[in-house]
Each structure stands twice: as structure tokens, then as C-alpha cells.
Amino acid sequence: MIAYNVQPLAQEKLTGIGNYANDVLKNLLPNQKEYELHVFDFLSRNGAPDIVRTHLGDSIVDNHLMTVKGIPLSVYIRMGKAGRVIPYEKLTGTSSDVTIFFNYLAPEGLKGKSIITIYDMVCKRYPETMDNRNRKLLQRHLDASARNASAIVTISEFSKREIMEYLDVPEEKIFVANCGIDTSFYSPLTDDTKVILEKEYLTSKWDVKDYILYVGTLEPRKNTVVLIEAFEKLCKNNPDLKLVLAGGIGWSADKTLSRIENSEFKDRIIKTGYISNEEKRMLLRNARVFVFPSIYEGFGMPVTEAMACGTPCVVANTSSLPEISMGNNLLVEPNDVDGYVKAIEFYLNNPLSIESRNRLIDTASAFSWKKAASVYEIATKYALR
């Protein structure tokens, strides 16, 4: 019996980890007859089981979902070794052979085998870019989770090397399940009527026609201040160009928000806030250039989503981004403002050829959720060997 802790799905608006877990599970569960899903919902305050059902839809059967109401999962993890007083198996009522966790940590109260998912090692490599709460949680408990885990799944070869370096984990224990792309959803739009409708929507909602795009949370690690500085230089020769920053306001975004407010071109910088996947796809399809200046990424899903839409990409030459670009995107050193200006101007002045565009789309299509799900199956066999 396999159990999956689905806590990342217990929020209505899914972001990175939640989307990853959701897409992996939608490809895993239909092939399994015997499994359990665990979600913690302290005193039934948050309606977590219903939210999980909404996300997974037809992928699950209700009697497979078990809810823990006596304690929040975050509190149980923070208990560390003290959590062994109330074993995870007793809390969940599980008799599973292995439990899979999608959000870095497994509680030390778990007596059985575990598989954890570690997306990156930013807590070790760039701890100053994290909020205090999450940084302390990972720094206190990640080593123990990795040591106790029967197997570890990560999302890129880059992250695998980072895990080996920082957590001293043997290579054979780590399995790479790249983030997938739903190419039936993220794809270029060829219907002329729908193209017009999308452009009209973007114009009416955000007043954007000619724009460069960033997708992601506004937080220090994403390095958006460098993009804003590059955009300001581009504005002088591109009077109609706008910058769209699509995503929510994250931790310690004050510097970025202040930089926007004090910009000479602040009226041409659009902050969308949280957007739906449909809106994200529209923005990706219609952008002149997609720019991703992040200083550190375990994978970088917005990049492959942009590639799947056939949109030219300028990305930071760091962490996993060269790996997932596969030679198809222009790479710039993370803090090289003039380098971003030059790369963006290249695409503004040189639209992609049909051949280059198709190569972007083909590269993105190599990343699939079916492949990611199969890696979890392999990791499970390894853990149960």
C-alpha cells in the first residue's frame, strides 16, 4: 500500500509545489487500485478534504482520502523527534508500506518508509532570500528528513547535485522527475479569431499590447529589480513597450515595489497579482519576449511554459535554467542589466523563425507529467526493495 501526503493541495489557489503535486498525482492515481491520501485539517477549520477533491477531481475515490483533525501538519513536523510519541501511522490510521511527501519534509513521527520531494536547496545556498519561518523550518528539519527517507525525488539534475552536496545523500537514492508541461494547454494559438479575442482581453484588463513578460512571485530570489532596470533602458527606444510582472506579491517584496514606484516609467510597469492559468497562458502567448532573471531555480516552470507557447525566452545563466533551456534560450548572467537589455532587444528586432519557434515547442514537449509520475513509481520500487 502506498500513501500520499497531499497537504500541498489543501489550498484553493495552487502555486508551484501544489501544481507539481497535483499534476503528478493526476498521472499516478488512475493506475493504482490501492492507495491512501492524507491531509491535515486542524479541527476541520479549512475544508481541506473538499479542496483536495476539487483539485484532483475524478482522479480519486473519496474513501481513499484520510483527514487528520487533531493537529496541524506544520506543528507535527516542528515537534521533531517528540512527534514519535504520537506516530504518524496512528494519527492517519494508515497501514501503508511507504508514504510519499511532496513538500520537502516528512515528520520524524513517521515510523515507516518515506519518499520526500526536494525541489531545490535554496535554504542552504541562498538562505537570505527566504522568509524566516520557512528558512528555519527547513534548516532545522531537512537534514533529518533526507537522512530518514528511503528515497528522494527532485526536479532537475542540477538539484540532484545540490542535494548530494549539501545533504550528503548518495546518488542512487535520488531520482529526477522533471516538471512536466501540458502541451494540450500550453501551446501557440493558431485560430485567428481566438488570437483577436485574447488580445482584446489583455487590452481591456491590463491595457497591454506590446510587452515583455515575467511570470512568478515577486520576491528577492526572483531578481526582478534587475529586470526593471533593464526595462527602463529599453523604454528610451521602445516608446510603446510595457513590462508585465505576472504573479503574487511574495516575501520581502518591499525593495521591488519601491523600485517600481520610484521608476520614471512606473506607468508602463503592470503588476497583475495572482492570475489564473488561462490568463497566464494568454500573457505567455502574446508576449514579445519572456524574461526570467531568477538567481536560483530548482527547475523554472514558467520558462518551459513560455517555450511551449513558442515565445522567445531570455533567462538567467544559473542553476537549472541552462539545463531546461537545452540551448534554445538566450542566457544572461543574473545581474548583468546591460546583458538583459541586449538579449531582449535582439528578440524585439529579430522575431523567431518558424524553425526556431518549432524547436522551442518541441523542447518543451519533452517534459511530461507522465514521465514525472513514472519516476515516482521507480522511486517507490527502490524504497520498497
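**Close-up views of a predicted model**

**View 1. Helix α12, an enclosed helix.** In α12, 8 of the 8 residues are buried, so this helix is largely enclosed by the rest of the structure. Welcome to the model, which is a predicted one. What comes after α12? The helix is followed by Gly-310, and the phi of this glycine is positive, near 75°.

**View 2. Where α12 meets α15.** Here you see α12, residues 301-308, together with α15, residues 354-365. Their axes come within 7 Å and cross at roughly 130°. Angles over 145 degrees would count as roughly antiparallel and those from 65 to 115 as roughly perpendicular, and the two helices are therefore oblique to each other. The crossing of α12 and α15 is left-handed.

**View 3. The residues that join the two helices.** Which residues of α12 and α15 meet? On the α12 side they are Thr-304, Met-307 and Ala-308, and on the α15 side they are Leu-360, Ile-361, Thr-363 and Ala-364. Sorted by class, this contact has 5 nonpolar residues, 2 polar ones and no charged ones.

**View 4. Leu-43, in a loop.** Follow the chain from β2 (35-40) towards α2 (48-56), and you will find Leu-43 in the loop between them. Leu-43 is not a glycine, yet it has a positive phi of about 55°.

**View 5. Asn-223, in another loop.** Asn-223 sits in the loop between β8 (211-215) and α9 (224-235). Its phi is near 65°, a positive value in a residue other than glycine. Is Asn-223 buried or exposed? Asn-223 has a relative accessible area of 10% and is buried.

**View 6. Stepping back to the whole chain.** Along the principal axes, the C-alpha atoms fill a box of roughly 65 × 40 × 40 Å. Buried residues make up 57% of the 385 residues. Among contacts between residues at least 6 apart in sequence, 71% join residues at least 24 apart.

How values were computed
Residues numbered from 1 in each chain as written. Predicted model: local features only at pLDDT ≥ 70, side-chain atom pairs only at ≥ 80, totals over all residues. Heavy atoms only, no water. Axes fitted to C-alpha atoms, helices over the stretch in contact; angles between N-to-C directions. Helix = DSSP H or I, 4+ residues; strand = E, 2+ residues; numbered from the N terminus. Parallel < 35°, antiparallel > 145°, perpendicular 65-115°, else oblique. Left-handed = near helix turned anticlockwise from the far one by under 90°. Contact = heavy atoms within 4.5 Å. Nonpolar A, V, L, I, M, F, W, Y, C, P; charged D, E, K, R; others polar. Buried < 20%, exposed > 50% of the residue type's maximum accessible area, 1.4 Å probe, protein only.
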